[in-house]
Amino acid sequence: MPAPEQFRLVFKHIDEAGYTNDLACYLRNGGYEVLRKSVLRKPEELVDEVKKSGLRGRGGAGFPCGVKWTLLDRKSGKPIYLIVNADESEPGTFKDRYIIHNDPHQLIEGIMITCFANKVERAYIYIRGEFPEGARILEKAIAEARAANFVGPNILGSGYGCEIYVHRGAGAYICGEETGLIESLEGKRPYPRIKPPYFPAVLGLYQCPTIVNNVETLCHVKHIAERGGEAFSKIGTPNNTGTRILCVSGHVQRPGYYEFEVGKITMGQLLNEVCGGPLPGRKFKAVIPGGSSAKVLRFGERYKGKRKVGAEMIDYDWALEDIPMDFDSLQMIGSMGGSGGVIVMDDSVSMVEALANINAFYSHESCGQCTPCREGSLWMKKITGRMVHGDARPEDGALLKSVADQIAGRTICAFGEACAWPTQSFIAKFGDEFKAYPEAKKAPRADGVPELV
Amino acid sequence: MIQPAKPDLITVNIDGKEIAVPKGTNIIEAARRVGVDVPHYCYHSKLSVVGNCRMCLVEMGMPAVDPATKAPVIDPASGKQRINWGPRPAIACATSASPGLHIRTTTPIVKECREGVMEFLLINHPLDCPICDQAGECKLQEQSIGYGRGYSRYIEDKNVKPKRTVLGPRVMLDDERCILCSRCIRFSKEIAKDDVLGFTDRGSYSTLTCFPGRKLENNYSLNTVDICPVGALTSTDFRFKMRVWFLKQTNSIDTESSVGANTVVWSREGVVYRITPRENDAVNDTWMADSGRALYKRIREGGRLESIRALGSETTLDAAVEAAARLMAAGGVAVVGSGRSTVEEQFLSRKLAEAARAKAWLVSRVGEGDKILVSADRNPNVRGALVTGLISALPSARLDALAGEIDSGAVKTVVSVGEDLSAAGLTAEQLRKVSIVYLGTHSNPTSAAAKVVIATLTEFEKHGTFINQQFRIQRFAKAVPGVAGATDDLQALSRLVAAAGGPALGADVGSLWPAISSEVPALGTMSYASLPDTGLLVDGTPWAGLPFIEGPTLHFQPAQKEAAHV
Amino acid sequence: MMNLRPETLRKIDEVVTHYPVKRSAALPILHLVQEDQGLVSNEAVEWIAARLELQPINVYELVTFYPMFRQKPIGRRHIKVCRTLSCAIMGGYRTCSEFQRQFGTGLGEVSSDGEVTVEFVECLASCGTAPVVMIDDALHEKVDVAKARELSEKIKAEAKSAAGTR
């Protein structure tokens with residue numbers, strides 16, 4: 001079956017000739033009309049629309065956005081904050097960048113509708129430090145919006161007011177974790193908080209109820225407010241509604257960003273048709289479907305079982321290419337949809353070296369707060385580093401898996417899983433390559449195969 | 001007195017054992033009460049919870065109920081309510097008792113969690129045990145034996161960090177040993193109110209440090225050494241001096257001020273090596289001031305008196321007592337007792353004053369209270385003097401009235417129990433004019449001018465009790481034998497009482513106390529043997545109207561809102 | 001003595017108003033100070049701590065945690081090459097080696113003429129156009145060895161003309 005067309009909802013204006021990131025252009029394209037209508041509605045109605053829409057977070061966890069908003073403690077009397085997670089740092093992910101740089105007003109409109117719906121009066125956009133231009137663009141856009149009364153006190157004469165501030169990070173992946181982000185925003189070392197008791201919905205920024213949402217998620221809120229939650233829920237597939245931007249990188253002919261209805265495109269359609277298949281003379285070997293924290297999948301493997309479709313349980317028997325790119329399917333076959341970063345590796349890549357690269361990333365980014373992740377991530381990096389640059393032993397694969405098993409599920413935050421899953425899945429899927437590596441690495445390196453660590 | 005309200009009790013189940021604990025009790029504490037050890041590093045009962053060591057991971061479950069009817073779901077096999085065990089282990093330190101909570105600590109998953117954490121803590125830990133002061137009281141050693149896997153799989157290079165860093169005048173830091181539990185940082189910020197410690201860099205390279213140029217030098221810095229679970233923070237004073245398993249521990253009281261922090265004196269073969277705090281949740285929690293720890297140095301330093309002298313030459317106790325008796329018989333006697341004497345010594349001082357028909361005085365010592373564990377009253381036992389009736393009003397720093405009586409000739413003999421009269425304002429001339437009987441530990445102008453000197457014991461060398469600012473009577477024990485040539489204070493005083501014509505009284509705490517409890521109304525219901533280790537509150541209402549000088553400290557609020565000194 | 005430009009001081013005063021708790025301004029102020037001075041000295045750390053009513057260690061902890069803050073000077077141009085998976089499998093390490101070769105400098109050092117510092121950084125979120133490099137604030141995409149050479153020539157040319165006007 002041929003791949004469907006892209007459904008450019010959030011990315012409608014990305015790459016559009018003549019589209020600029022200033023307010024005038026946004027207004028010409030119907031901008032802020034949805035906000036205008038939204039501030040005339042009841043906030044609870046808007047929350048309801050988001051619940052009905054089934055929107056799931058686009059930052060990596062895929063948590064239902066409406067449920068997240070419902071968990072907010074609205075009775076404490078403390079101010080409620082919105083934090084926009086613009087810290088896009090998950091390796092393989094490159095979508096929020098384009099929204100911020102090329103269509104910032106869509107984000108601002110989504111933010112304002114979210115704030116109005118949740119009676120938030122102050123929002124912070126936490127943008128990664130490596131987007132200095134993006135921070136400037138956002139500040140300019142906010143200033144433009146404020147001048148036009150879309151942001152600030154008394155929005156569009158409604159009596160409701162909300163301020164947005166841009167807050168730059170400084171190069172730490174852990175600031176993408178919601179409680180790490182909150183600690184960083186408070187001016188402290190970004191050590192994620194223990195949950196319980198520090199659920200952001202109850203004890204978040206400055207110990208006040210806080211929502212933390214991804215950039216893309218907030219853009220979807222605007223579209224939900226526009227079309228209605230029910231209509232939005234008909235886009236995509238059940239429980240995996242709406243569209244999502246898939247970011248394909250690595251060894252394909254046409255890497256890049258592509259927005260599709262969730263679950264309506266398969267891995268094979270995405271990689272072979274949309275992205276043009278493997279590079280000349282090469283074959284696909286492995287793919288990580290949801291950012292580097294997701295478990296790797298091996299080309300050639302099959303997935304069998306029963307899954308729920310409607311009210312029935314039906315059999316599935318999939319090749320890797322048959323997997324629909326939605327949260328539930330990817331989780332079901334042992335990986336995750338995550339942030340939508342699809343990293344493709346072909347047969348020129350040594351999985352041991354690829355893992356060494358990934359382990360170096362996680363050990364560098366570990367905040368160091370809790371024992372398993374702090375010590376385990378560095379240990380795994382030292383093992384794979386030694387395998388590549390020093391003495392590799394056949395039993396190192398088993399040792400790596402054993403170390404990773406001691407991390408996942410034992411840490412304060414999901415970084416434990418994020419650093420353990422690559423190792424666990426690489427060993428599970430490519431264990432043969434790890435065993436053979438001590439011998440295989442003695443052979444001379446093929447030309448054109450770059451070092452990875 | 002109104003009884004405190006009974007706290008809400010909740011039943012939790014730990015490894016099959018049920019226990020009722022007050023609502024909100026931390027699970028680690030609840031487990032301790034049923035004899036279950038939940039190993040941990042970063043948790044401390046007096047500090048905020050961070051949950052970063054992950055050693056206390058246990059399985060948790062709640063009883064299963066039908067979501068619709070709320071009826072309990074019964075497991076057909078056992079006939080008991082089924083427990084829904086959580087899919088992942090959870091940290092015990094961040095969990096408080098809630099009704100029906102079930103904990104499992106002996107399952108394979110918990111064993112694996114502990115082995116995993118122990119392995120991770122040891123892979124970058126230096127093999128310093130042979131040269132590390134913490135050996136013998138090191139939680140890493142204890143828990144690796146108890147819960148570790150027992151062998152190492154680590155063949156990579158260990159992280160290198162600064163060793164032997166002088167963090168402050170009394171604390172030495174070895175960053176390689178640090179397990180980054182953050183107890184020291186939390187203590188400095190939350191208890192000592194000196195936010196001077198922090199972590200730099202990140203990940204496994206995180207390092208404990210002060211900002212360059214700053215030091216950990218507040219008066220509570222050594223508490224970080226106590227609570228450091230490993231040998232990262234060690235006491236410079238104690239460094240390399242003694243292995244802890246050779247030391248005998250004796251319960252004692254800090255005499256630096258009227259706070260009366262509870263302590264442990266560590267000694268071997270008659271030598272004291274260090275002092276650490278002893279837990280008393282009503283007085284000092286688990287802390288004490290650095291300045292109080294240094295007091296053991298007075299045992300050897302500062303000019304210790306080591307003999308009995310009468311009229312210029314060394315002599316026996318009998319001869320000295322007789323000489324003192326002759327002086328007192330001439331009349332015009334004053335007794336200067338001490339706020340540093342024990343309750344028992346103050347009782348005998350009063351008896352002596354009565355027998356010699358003398359007025360009794362006390363000298364005050366005032367400093368600045370630090371609102372933590374050093375109060376403004378630098379005498380540990382002024383209230384003992386009030387309770388035993390030695391004095392009836394608060395003392396002043398100078399003995400001007402006594403000086404006047406010496407000048408006028410009304411007072412011809414002064415018996416001083418450990419107080420240097422020149423520090424209290426008496427002139428050298430007055431010291432020469434009057435006959436002095438001096439009982440004390442260290443030489444000073446008064447002991448030099450005295451006609452009779454009896455060397456006595458420091459608080460480390462005798463038994464006794466003190467009454468602190470809360471009117472709590474607290475017991476301390478003899479840690480080391482007295483220096484050769486010194487006489488037990490109660491021995492000396494009871495002999496003097498008898499020699500002055502007073503009653504025969506016991507010369508040790510055991511035989512003296514019946515007399516104390518029968519004659520001192522506030523202590524009437526007590527006996528020395530039955531005093532608990534955490535002390536007992538004495539009814540202080542007869543003295544409630546006195547203008548005590550202490551301000552608030554940990555666990556103490558002065559009765560009046562205004563205090564003369566804070 | 002801190003010699004911050006008046007504009008920087010003005011921006012610091014303004015950014016502090018964005019937060020109900022002063023400590024939150026630590027990160028933005030660190031950025032402003034580093035942009036002003038080229039690095040964050042210990043003196044600056046103490047100044048910022050005093051400004052925000054914190055202890056110096058509270059600010060020092062941040063400077064050493066976040067890789068974007070530096071306490072040592074760097075070259076006039078900052079070349080940051082991404083080394084995370086997507087860029088690595090597309091040749092990022094070779095790109096970095098080329099930059100180092102072009103300027104005769106090691107990783108993290110200041111080149112002998114003071115012009116560049118070449119460093120690795122983690123994923124810059126532009127994986128579709130790997131290998132990716134940031135030079136100062138600008139992103140450069142699809143930087144293979146040839147393009148690295150081109151960009152190096154450009155930097156050298158800019159340096160020469162700047163030297164002419166210096």
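Predicted model: local features only at pLDDT ≥ 70, side-chain atom pairs only at ≥ 80, totals over all residues.
# Notebook: chains A, B and C

**Chain B, overall.** I began with chain B, where residues 24 or more positions apart account for 65% of the contacts with a separation of 6 or more. I counted up the secondary structure of chain B and got 14 helices and 24 strands. Its C-alpha trace spans about 90 × 55 × 40 Å along the principal axes. Of the 566 residues in chain B, 50% are buried.

**Chain B, domains.** I looked up the domain assignment next: chain B has domain 1 (9–106), domain 2 (116–299) and domain 3 (308–543). Over C-alpha atoms, the centres of domain 1 and domain 3 of chain B are 54 Å apart.

**Where B meets A.** I then checked the contact between these two chains, and found 22 residues of chain B touching 26 residues of chain A. Which helix gives the most to the side of chain B that touches chain A? It is α2 (residues 108–123) of chain B, with 6 residues. I sorted this side of chain B by class and got 10 nonpolar, 7 polar and 5 charged residues.

**Chain A, domains.** Chain A is split into domain 1 (23–234), domain 2 (245–346) and domain 3 (351–440). I get 34 Å between the centres of domain 1 and domain 3 of chain A, again over C-alpha atoms. Those two domains do touch: 11 residues of domain 1 of chain A and 8 residues of domain 3 of chain A take part. On the domain 1 side of that contact I have 8 nonpolar, 2 polar and 1 charged.

**Where A meets C.** Here the contact takes 46 residues from chain A and 35 residues from chain C. I listed the elements of chain A that give two or more residues to its side: α7 (132–147), β3 (163–168), α8 (178–185), β7 (243–250), β8 (256–261), β13 (341–346) and α13 (351–365). The most comes from α13(A), which gives 6 residues. By class I find 21 nonpolar, 16 polar and 9 charged residues on the side of chain A that touches chain C.

**Chain C, domains.** Chain C divides into domain 1 (6–65) and domain 2 (77–165). The centres of domain 1 and domain 2 of chain C lie 29 Å apart, taken over C-alpha atoms.

**Helix α7 of chain C.** I wanted to check the length of this helix, residues 145–165 of chain C. Its 21 residues should span 30 Å at 1.5 Å a residue, and the end C-alpha atoms are 31 Å apart, so the two agree.

Which residues of α7(C) are buried? I found Ala148(C), Leu151(C), Ser152(C) and Ile155(C). They sit on the same side of α7(C), because they cover an arc of only 105 degrees around the axis.

What do the buried residues of α7(C) pack against? I get β1 (77–82), α6 (92–103), β2 (116–121), β3 (133–135) and β4 (138–140) of chain C.

Last, I turned to the face of α7(C) that points away from its buried side. The exposed residues there are Ala146(C), Glu153(C), Lys154(C), Ala157(C), Lys160(C), Ser161(C), Gly164(C) and Thr165(C).

Note on methods
Residues numbered from 1 in each chain as written. Chains lettered and ligands numbered in written order. Contact = placed C-beta atoms within 7 Å. Helix = DSSP H or I, 4+ residues; strand = E, 2+ residues; numbered from the N terminus. Nonpolar A, V, L, I, M, F, W, Y, C, P; charged D, E, K, R; others polar. Domains from an automatic or database assignment. Expected span 1.5 Å × (residues − 1). Buried ≥ 20, exposed ≤ 12 C-beta atoms within 10 Å, placed from the backbone. Arc of directions from axis to C-beta.
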